[in-house]
Amino acid sequence: MDEIKKALSEADPFASWWPFILAGVVFVIGTVRTYMGGQPCPNGNTIPDRVIVVTGAAGGIGREVCRELARRKAGCLVLACRDTEQGDALRELLRREAPDCTCEVQVLDLRSFDSVRRFVRQVQTLHPTVDALVNCAGVIFQPGGRTADGYEPHLQCNFLSHFLLTQLLRPQLLRSQHGGRVVNVSAHGYTAAKIADREDPLNVRQLATSGRDAFAHSKLAIVLASRVLARRLKAEGHQTTVNCCSPGLVRGTGHLRHSPIMKALFAKVLTFPWMWLFMKSPAQGAHTIVRLVTDPALASCNGDFFNDCERVEVSELAKDDELAERLYQASLSAVGLCETMAKEHTKGKKE
C-alpha cells in the first residue's frame, strides 16, 4: 500500500498526453451535441386557461410538446392519438407533472377523413374556443398502397387530414381572445420535393413514388397550403395565424421503424452512436413548436417558416404563389370542401 501511495504522489500527470486527448474528445463531443441540439425556446411564457389541440401527442415530439405546454400552465390539452393506450399513459404522466392542466384523450386516425370529422365534432362539443392547433403527427417510409379515402399514405396522414382538421376548426380558432395559432410541422426534407405536373399539384396521378419522395412532397404541400391559408385569414381580418416549422433531425420518435435500412439489427447498432451525436432529442425537437404556440412576440407572425426557433427563408418552389393556390384548391376538393363552403362554415360559427 505504501508503494502505491508513493507511486501516485510521484506521478506526473503531464508525463502522458492521454488525459489531454480524452479531455479534447469529450469537449468536441459535447460541443457537437450542443450545436446539433439547436437553439432552445427563448421564452418562458405561461399560457393559462388556453385550450390547445395537439395531434401525434402520444409519442415522440408531440409528447414532449404536450409536457412542455402543461408545464407552462396550459388550461386544457386535447391529446389527439391513434393509440388511446399511449394517450392514457401520457395523460397520467401529465397529471403528475402538471396537476392543474386538464388533459383529454381523443381518438384521431389521420388515415381516415371520417375519423377527422368525428374528432372535430367531439372537440366542438366540448370546446367552443380553441387557442392553438399543433399539427404534429406524421409518417415516413409508410408501406405502399392507398388509404380508405384513396390517397397515398404520406399525403393523407402528413398533409390532407391535417388540412381538413384545420379548416373544420377555423371557427373555434377565430374565437380565441389571444389570437388563434396554427402550427404545422413540416421538415427540412420539403426542399427535395418535386411536382412534375402543375395541373396535378397533389401528385395523385403518379402511379408510383418512393417513400422518401412521397414524404418530401407531403411536407412541401404543408408549406404551400399554410402560406395560402395565412393570406386568406389575414385578408378576411382574422387574428388567427398559420406558421410552419421544422423540428430538425430528431431521434427516438419511431418515424424510422418502416425504413428498409433500419430493419436490420446491424444497421441499428452501427447508426445509433451517430444518431445520438448528430440528432436532436424529442424534447429539443419540440422547442420551435413550443415557441410558436407560446411566444407573444410572434402574435402577428403569419405565413412564415421557422427552424431552431428562428424565422428562415423557404425554398424557391415553396414561394411559388400560383402553385400554392393550385395546391390549396386541389386540397379543398380532395377533402370534400370548397372555398365558399369554408368561408360560410367559418362565418356561421364565428359568433
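## Strands S1 and S2

Val51 stands opposite Cys76 in S2. Strand S1 (residues 51-55) and strand S2 (residues 76-81) pair in the parallel sense over five bridges; two strands pair if DSSP finds at least two bridges between them. Strands (E, at least two residues) and helices (H or I, at least four) are DSSP runs, numbered from the N terminus. The model is predicted: local features need pLDDT of at least 70 and side-chain atom pairs pLDDT 80 or more, while totals for chains, interfaces and linings use all residues. Residues are numbered from 1 along each chain as its sequence is written, and side-chain values use heavy atoms, without hydrogens and water.

## The sheet

Eight strands form an open sheet of mixed pairing, in the order S3-S2-S1-S4-S5-S6-S7-S8. Its edge strands, each pairing on one side only, are S3 (102-107) and S8 (310-312).

## The largest cavity

The largest cavity holds about 130 Å³ of space. A cavity is a set of points, on a 1 Å grid over the protein atoms alone, where a 1.4 Å probe fits but cannot get out; lining residues have an atom within 4 Å of a point. Grid points are joined across faces, edges and corners, and the volume is the space filled by probe spheres set on the points.

Of the 13 lining residues, Phe159, His162, Phe163, Asn184 and Ser226 are the closest to the centre. Helix H6 (153-168), S5 and H8 each give two or more residues to this lining, and H6 supplies the largest share, five residues.

Notes. 1 Å grid on protein atoms, 1.4 Å probe; cavity = no way out; pocket = protein on both sides within 12 Å on 5 of 7 lines; lining within 4 Å.
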